[in-house]
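Reader: I should like to learn how to read the features of a structural model. Might we take one feature at a time?

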Amino acid sequence: MMKLWKRASGALKDRKSLFSIGFSRKTSFRNPDLDSAIIHATSHDDTSVDYRNAHRVYKWIRSSPTNLKPLVHSLSSRVNRTRSWIVALKALMLVHGVLCCKVSSVQEIRRLPFDLSDFSDGHSRPSKTWGFNAFIRAYFSFLDQYSFFMSDQLRRRHRKPQVESVSQELERIQKLQSLLHMLLQIRPMADNMKRTLILEAMDCVVIEIFDIYGKICSAIAKLLIKIHPAAGKAEAVMALKIVKKATSQGEDLALYFEFCKEFGVSNAHEIPKFVSIPEEDIKAIEKAINGVEEEEEETKKEEMEVEEEKGIILVERPELLQTIITDKWEVFEDDLCFTCKEIPETDQHRKYNVDPSPLPLIVIDEPVSFTHTLPDLITF
């Protein structure tokens, strides 16, 4: 009886919202048709999803960048007023689909126009909704950082064309690994969360995991060709951290997909096989780092020896130094003359005794087929 009452109450709220926008006029910040589609796509009904209206939202965003302001205004107003986990989750899934449209105007948003980092459902007891609250907070955290990452990458592409440095590529991989870590935090943790809407959201998350993990693997494959023994110590250290992180995340992914399969996520029905990076290849980078340290230590030692030798050479004995002045020229006493020793030249071209071949890539052995794809999946 209580569930029926909640559904009736939610449906009434949706109708009230639709009725109110019927009297609004179209402006630069308002589009009644877009508002209507957003309300339908983020309804209070947790038993079904409105695919048709979600596609209408995507179509408007793709058609013109001027529709971005009405979208942001309508969606943020909808989210800021709600205390329903259903509406909040549908709004996040809708935003996820919008971001996957790859429209430049959307990528300029930077951060999401609303805040669900401290969301709490207000229609049920916390003992029943804590799992949904945690799910929404984790999903929001990822999308907020993902939107910022896409905006940052867009600004880099719009700058003066130039070859990206190794350090910049390493930083980009680290950011992608951070996004992947945030994705792996999105999971149902309570026993009462096996709902249609949660399963739909998990399908979206699984597809995004494959997309970001694929970008990480591709970036590592291209970058490790440039990370050879002649690379700087800072770059080699950063590359080693990335490789170890990729190995660790490969193990985490296997456990995550096993969990999703048991939970009933359709896109995780077939668990891919992840190939770990061989330990000897990781040691190759460690050896390169140690080689840099040894080279720096040896160079420093030689510089100290040279400075000490120079100090010995330039020491004078003022109390014994005398000058005899004649009418023709200056003559120094022979027994006070000394000969400067030759300073040995240091070798500036030492090479590391390490195989510079790139590390194998963490790859997926078998192709993975999805029952849904983005952004088609992220619709209601």
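This is a predicted model: local features need pLDDT of at least 70, side-chain atom pairs count only at pLDDT 80 or more; totals for chains, interfaces and linings use all residues.

Reader: Why does the span of helix α4 agree with its 14 residues?

Author: One takes 1.5 Å a residue, so helix α4 (residues 68-81) should span 20 Å; its end C-alpha atoms are 20 Å apart, which agrees.

Reader: Is Ser36 buried or exposed?

Author: The cut-off for a buried residue is under 20% relative accessible area. Ser36 has 17%, so this residue is buried. Ser36 lies in helix α2 (residues 32-41), and, apart from residues up to four places away in sequence, it touches Leu18 and Ile21.

Reader: Which residues touch the most other members of the largest nonpolar core?

Author: They are Leu89 and Tyr139, in a core of 87 residues. Helix α9 (residues 196-223) supplies the largest share of this core, 16 residues. Beyond its neighbours within four places in sequence, Tyr139 contacts Leu89, Leu92, Met93, His96, Ile186, Ala201 and Cys204.

Reader: How many helices and strands does the protein chain have?

Author: There are 11 helices and two strands, and along the sequence they follow the pattern α-α-α-α-α-α-α-α-α-α-α-β-β. Of the 380 residues in the protein chain, 41% are buried.

Terms used
Residues are numbered from 1 along each chain as its sequence is written. Side-chain values use heavy atoms; hydrogens and water are left out. A nonpolar core is a set of buried Ala, Val, Leu, Ile, Met, Phe, Trp, Tyr and Cys residues joined through side-chain atoms within 4.5 Å. Buried means under 20% relative accessible area, exposed over 50%, partly exposed in between (1.4 Å probe, protein chains only). Helices (H or I, at least four residues) and strands (E, at least two) are DSSP runs, numbered from the N terminus. Contact means heavy atoms within 4.5 Å. The expected span of a helix is 1.5 Å times one less than its number of residues.
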